[in-house]
Amino acid sequence: MAGPTHHALARPEFDEGPKILIVVAPYYKDIADGLVAGAMAEIEAVGGSYEVVEMPGALELPSAIGIAARMGEYDGFVALGCVIRGETTHYDTVCNDSSRGLTLLGLQGLCIGNGILTVENYDQAAVRADPQGQNKGGGAAAAALHLVALSRKLKQQGKSKGLGFTADRLGEG
Ligand SMILES: Nc1c(NC[C@H](O)[C@H](O)[C@H](O)CO)[nH]c(=O)[nH]c1=O
Ligand SMILES: CC(=O)[C@@H](O)COP(=O)(O)O
């Protein structure tokens, strides 16, 4: 069923292309491939670069980002995967804990786009993963890029005002 159109922000602009880590769980491979394609295109569109790492399932994505963030190499992260409801309550665990993990990392200052689909069936996932469809991979990348842009802007403002910037992000300091 068609719903209201979502408003998308204009793409942020960068003097220096951001380096993004795409962390994907190819638990449903075709779905994951569509999500990654959409994310790659969005990052390329702003002159950014990316690397891709795979994890077994959505539950591993927050941990993988937490580990990678400690390297201090990436400006932002995109978490991609798909959770389809099964017969047991495991669906709720995977959906809720993957989302909670990403949110907690985000609140610590990491720039993360959440592109983990949480759906009832494969068809719902397919239309959301398709870069020519709902393009949720591209949307997750766009979210990460907007956070990177905000982070850089605020750091720059801090510098121009002669303020020290507190290195309180994971992987800094
Ligand atoms: N059921 C789904 C999973 N389950 C696997 C978990 O994410 C995790 O890998 C396992 O519990 C080991 O820690 N993962 C998905 O990405 N999608 C699912 O539908
Ligand atoms: C996401 C899930 O929970 C699913 O893959 C697991 O299915 P089930 O609840 O039937 O074990």
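Predicted model: local features only at pLDDT ≥ 70, side-chain atom pairs only at ≥ 80, totals over all residues.

Analyst: Residues are numbered from 1 along each chain as its sequence is written, while chains are lettered from A and ligands numbered from 1 in the order in which they are written.

User: At what angle do helix α1 and helix α4 pack?

Analyst: Helices (H or I, at least four residues) and strands (E, at least two) are DSSP runs, numbered from the N terminus. Axes are lines fitted to C-alpha atoms, for helices over the stretch in contact, and angles run from 0 to 180 degrees between N-to-C directions. Here α1 (residues 29–45) and α4 (residues 122–129) pack at about 20 degrees, with axes 8 Å apart. That makes α1 roughly parallel to α4; angles under 35 degrees count as roughly parallel, over 145 as roughly antiparallel, 65 to 115 as roughly perpendicular and the rest as oblique.

User: Which residues of α1 and α4 meet?

Analyst: Two residues are in contact if their C-beta atoms, placed from the backbone, lie within 7 Å. On the α1 side these are Ile31, Gly34 and Leu35, and they meet Ala125, Ala126 and Ala129 in α4. By class, the contact of α1 with α4 has five nonpolar, one polar and no charged residues. Ala, Val, Leu, Ile, Met, Phe, Trp, Tyr, Cys and Pro count as nonpolar, Asp, Glu, Lys and Arg as charged, and the others, Gly among them, as polar.

User: How do the axes of α2 and α3 cross?

Analyst: The axes of helix α2 (residues 61–69) and α3 come within 8 Å and cross at roughly 25 degrees. The two helices α2 and α3 are therefore roughly parallel to each other. Leu61, Pro62, Ile65 and Gly66 of α2 make the contact with Ser98, Gly101, Leu102 and Leu105 of α3. The classes in the contact of α2 with α3 are five nonpolar, three polar and no charged residues.

User: How many residues surround ligand 1?

Analyst: A residue is near a molecule if its C-beta atom, placed from the backbone, lies within 6 Å of it. Ligand 1 is surrounded by 13 residues, the closest being Tyr27, Gly57, Ala58, Leu59 and Val83. Strand β3 gives the most to this shell, with four residues. By class, the shell around ligand 1 has nine nonpolar, three polar and one charged.

User: Which residues are around ligand 2?

Analyst: Around ligand 2 are Val83, Ile84, Gly86, Glu87, Thr88, His90, Tyr91 and Val94. Both β3 (76–84) and α3 (90–107) supply at least two residues each, and the largest share, three residues, comes from α3. The shell around ligand 2 has four nonpolar, three polar and one charged residues.

User: Is Val52 buried or partly exposed?

Analyst: A residue is buried if 20 or more other C-beta atoms lie within 10 Å of its own, exposed if 12 or fewer, and partly exposed in between. Val52 counts as partly exposed because it has 14 C-beta neighbours inside 10 Å. Val52 is in strand β2 (residues 49–54). Leaving aside neighbours within four places in sequence, Val52 is in contact with Ile22, Val24 and Val36.

User: What is the phi of Asn135?

Analyst: Most residues other than glycine have a negative phi. Asn135 is not a glycine, yet has a positive phi of about 50 degrees. Asn135 is in the loop between α4 and α5 (136–160), and is buried, with 24 other C-beta atoms within 10 Å.
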